[in-house]
Amino acid sequence: MRALDLLRLSTTSSTQRARPAGAPGVSLVRRARGALSTAATTVRTDVPRRLEERTTEAALAGFLTDYVSDREEKAADGSGHALRFAARNPLSTAAAVVAVLRLPVLPAHLGTGPAADVLRRTLLTRHLGGMPVASTGVAVLDVPVDPAEYVVGANRQTLRRKVRAAQKKGVGWRTVDDPAERRALVERANAAEQVHADTQYRNAAPDNADLLEHDLWLVATDSGGEPIMLSVTPVDGEWGLLRYFRTLGASPAHSDARYLLMPALVDALAARGVRYLTDSTPPPQLSNGLRHFQRMVGYRYARVKVSDRT
């Protein structure tokens with residue numbers, strides 16, 4: 001055997017004798033270190049990304065949808081309480097709290113009068129253990145300075161399609177300024193609520209007398225000119241409140257009229273200098289059907305800081 005071969009054999013044997021039994025090879029150690037490095041990189045990049053995804057405004061809307069679905073499913077046995085839902089879903093609830101804290105804060109400088117009073121009362125109503133609705137997030141629609149911008153963009157595709165569907169059915173709209181017609185519409189709205197086809201929107205004893213205190217009235221009409229939907233919006237400064245926005249019956253035309261009235265309402269609000277429109281129902285109390293409609297027409301969640309206008 002050649003001397004070089006003897007030397008190689010000797011070196012190999014020495015290396016093998018020096019390695020303890022069961023010790024990993026160099027290549028195995030390197031692979032383990034590589035796996036640990038990859039895992040650490042994944043933790044540094046993937047965990048923050050997942051936290052970001054679970055604490056967005058859209059994730060908060062999903063959480064509220066899940067909560068309302070759970071509440072409706074468990075309504076019969078009374079186990080759909082908010083605290084019980086939070087106890088069953090601690091991680092998603094914690095993420096929702098963070099999502100609320102991350103919401104933008106909008107200023108609401110309110111004056112005096114019926115419109116300001118109902119806006120202030122709505123935003124400062126306490127829920128969820130005594131917190132004002134405004135501090136936990138409300139549905140807000142941004143009203144552009146140029147109302148034509150409201151219907152532009154891919155996120156308004158459903159809105160545009162529904163508006164066209166309403167127009168094909170002969171649905172139109174107009175403002176309502178006559179006090180006598182307003183009183184007649186309130187009576188008609190009360191009657192419609194009492195016999196609403198969907199029990200969750202049915203109200204045996206509706207009280208809408210306060211609508212007559214406010215100025216911005218719109219009505220959608222069918223092809224024969226009959227009212228099929230009523231919208232009443234108190235306005236104060238840069239804020240409007242969707243106090244009443246309900247159909248006066250049930251049909252495809254009634255449903256599509258909701259979408260037709262939204263651009264008309266935005267146009268009227270922009271003309272009055274309004275920049276934000278909020279809803280009169282806190283998000284946790286809103287049905288998922290209405291939440292879906294809100295998302296389709298552009299509502300998003302925000303916190304509101306209420307102050308008195310000087």
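Trainee: Which strands does helix H11 lie across, and at what angle does H11 run to S12?

Mentor: This is a predicted model, where local features need pLDDT of at least 70, side-chain atom pairs count only at pLDDT 80 or more, and totals for chains, interfaces and linings use all residues. Residues are numbered from 1 along each chain as its sequence is written, and side-chain values use heavy atoms, leaving out hydrogens and water. Helices (H or I, at least four residues) and strands (E, at least two) are DSSP runs numbered from the N terminus. Contact means heavy atoms within 4.5 Å; axes are lines fitted to C-alpha atoms, for helices over the stretch in contact, with angles from 0 to 180 degrees between N-to-C directions. Helix H11 (residues 288-297) lies across S4, S11 (276-279) and S12, at about 85° to S12.

Trainee: In what sense do S4 and S12 pair?

Mentor: Strands of a sheet pair through backbone hydrogen bonds, either parallel or antiparallel. Pairing here requires at least two DSSP bridges. S4 (residues 138-142) and S12 (residues 300-308) pair in the antiparallel sense over three bridges, with Val138 opposite Ala302 in S12.

Trainee: Is Val219 buried or exposed?

Mentor: Buried means under 20% relative accessible area, exposed over 50%, partly exposed in between (1.4 Å probe, protein chains only). Val219, in strand S6 (residues 216-221), counts as buried because its relative accessibility is 0%. Beyond four places in sequence, Val219 touches residues including Trp173, Leu185 and Leu261.
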